[in-house]
Amino acid sequence: MHSTDGLTRRRLLQTSLIVGGLSAFGLKSSRASSPPSIDLPFSRGHRPLVAFPEKRPLMVMTTRPPQLETPFSIFDENIFTPNDAFFVRWHLANIPTTVDLQTFRVTIRGRVKQSSSFSLTDLQQQFEPVEVAVVCQCAGNSRGFSEPRVAGGQWGHGAMGNALWKGVRLRDLLEKAGLEKDAKHVRFDGLDRPVADVTPDFLKSLPLDDAMTDHVLVAYAMNGEPLPFLNGFPLRLVVPGWYATYWVKALNDIEVLNQDDHNFWMDPAYRIPDNACGCVEPGEKATNKIPISTMKVRSFITNIADGDAIHAGSQVLVKGIAFDQGYGIDQVLLSVDGGQHWKATRLGKDYGDFSFRQWETQVTLKPGQSYEFQSLAINRIGESQQLHAKWNPNGYLRNAVETVHVSTKG
Ligand SMILES: Nc1nc2c(c(=O)[nH]1)N[C@H]1C(S)=C(S)[C@@H](COP(=O)(O)O)O[C@H]1N2
Ligand SMILES: [Mo]
C-alpha cells in the first residue's frame, strides 16, 4: 500500500538526502579529528565511514556520484545484507533524490504491439508478485586487488550484497505489451542523468531470451521494505546471476529493440575478453571482447579478517559465504596452509540458487604459528574458483581464492 504517508516519508528523505550529502562533506573538511575509517589493503585504499541518507556509515569511495562500499564484517553478521548497509554505485552525478509516486510511471515501448506505462500501484496490483533471494555484485567488485593495478573504482570485496527482492516478472510486463516478431534486445533506462552533455546517459540492454526468463524482475522491495533511494527507489531491475551493471536503478523506461545495443555503456564499456577466463596477460589487450554477463563462483571467509591474531583453542570456528551465477553451491573447501591441504565444510541453510550460501567448519591450530586460510567454492556444475587471480584491463570477474593471513597466540 502506498498511502500519503509513504509519499510524505519520501519527501522527508529527499531533504535528508541533500542535507546528508552536504554534511558528509562538512564532516570531512571542518573537523580536525578524522572521521572513522577503514583502510583496504592496497594503495589508495583509505575509506572514510560516512552515513548517507537511509544508510549506516559505509566506506566512501566517491561522493559525487555516491560510491559506497559495505564493510566486510557485515557479511558475517547477516546472510541478507541489510538495506542500510547495502553498497551503492552510481555512474552519473545527477541521481534522483525525489520521486512523486503519483506521477511516476515505468514505460514499455519500442518493438511492442501496445506501448504502456505502469505506476508502482499498477505493478503491485495487476501482476503476480515474486520474491527471491539474489546476490547483487558489481562487475568490478574486488578490483582494488588487481595486480598489476587497473583503472576504475578501487573496490575491496564489499561491492556486493544479498537481498530478498520482491517485484514482478519483466516477462509478464513484456507479454502484456506484446512483443513484435523482430524484438531482439531490451534496453533499460533510469531516472539518473549525466551532469554534462558529453557523458552518455546510463542505458543497459539484455538479449531478449535473457530478459524473458522466469528470473528477471522489476523489483519494488528489498528485504521487505521499499528500495532505499540510493539503491534505486522506486523500481529496479533484478537480473539474477548477472553482474549488477544490468540491474538498472530508478527504472522508468523499457525499450524493446530490433537490433543489438551499441550505446556507450554496452559498447565499449563493460566488455570482457572473449575467452573462457575473460582474461588476458597483464598489460595486454583482448582482440575480441563481448559484453560482461554472468557471475563467476566465489567464496569468502567472513568471521576472520586478514592479519587477525586468534587464540588457538582446541577448535577454531571458520565460517563464510559462497555464491555463483545460479547453479547453486555444491561444496566449499577450506585450507589453513595456503592451499596444500583442503577439508570439506558444512553448508548452511539453502535460501535458493541465487543467494549467498553460508558454510562453516572447525579447525585445530597450534599457538605461535602463522596460517594462510583459504576457501574454495565449487558449484553444482563443477565450476570452481581460480586458484590464482586472472587479470583483465578493467579488473572485472575476480573470483580468485582469497588468502586470510592468521597468526595464533596461546
Ligand atoms: N540507473 C542506474 N542504475 C544502475 C547504475 C547506474 O549508474 N544508474 N549502476 C549499475 C552498477 S554498475 C551497479 S554495481 C549497481 C549497483 O547497485 P546498488 O547501488 O544498489 O548497490 O547498479 C547498477 N544500476
Ligand atoms: Mo558496477
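A residue is taken to be near a molecule if one of its heavy atoms lies within 4 Å of it. In this predicted model, local features need a pLDDT of at least 70, side-chain atom pairs count only at pLDDT 80 or more, and totals for chains, interfaces and linings use all residues. Residues are numbered from 1 along each chain as its sequence is written, chains are lettered from A and ligands numbered from 1 in the order in which they are written, and side-chain values use heavy atoms, with hydrogens and water left out.

Ligand 1 is surrounded by 18 residues, with F87, H91, D192, R236 and K249 the closest. This shell comprises eleven nonpolar, three polar and four charged residues (Ala, Val, Leu, Ile, Met, Phe, Trp, Tyr, Cys and Pro count as nonpolar, Asp, Glu, Lys and Arg as charged, and the others, Gly among them, as polar). A polar side-chain atom of H91 is found 2.7 Å from an oxygen atom of ligand 1, and an N or O atom in the side chain of D192 lies 2.7 Å from a nitrogen atom of the ligand. For R236, a polar side-chain atom likewise lies 2.7 Å from an oxygen atom of ligand 1.

Turning to confidence, the protein has an average pLDDT (the predictor's confidence in each residue, from 0 to 100) of 93, and 92% of the residues score at least 70.

Key:
A polar contact is a pair of N or O atoms within 3.5 Å; within protein, one must be able to donate a hydrogen and the other to accept it, and residues adjacent in sequence count only if both atoms are side-chain atoms.
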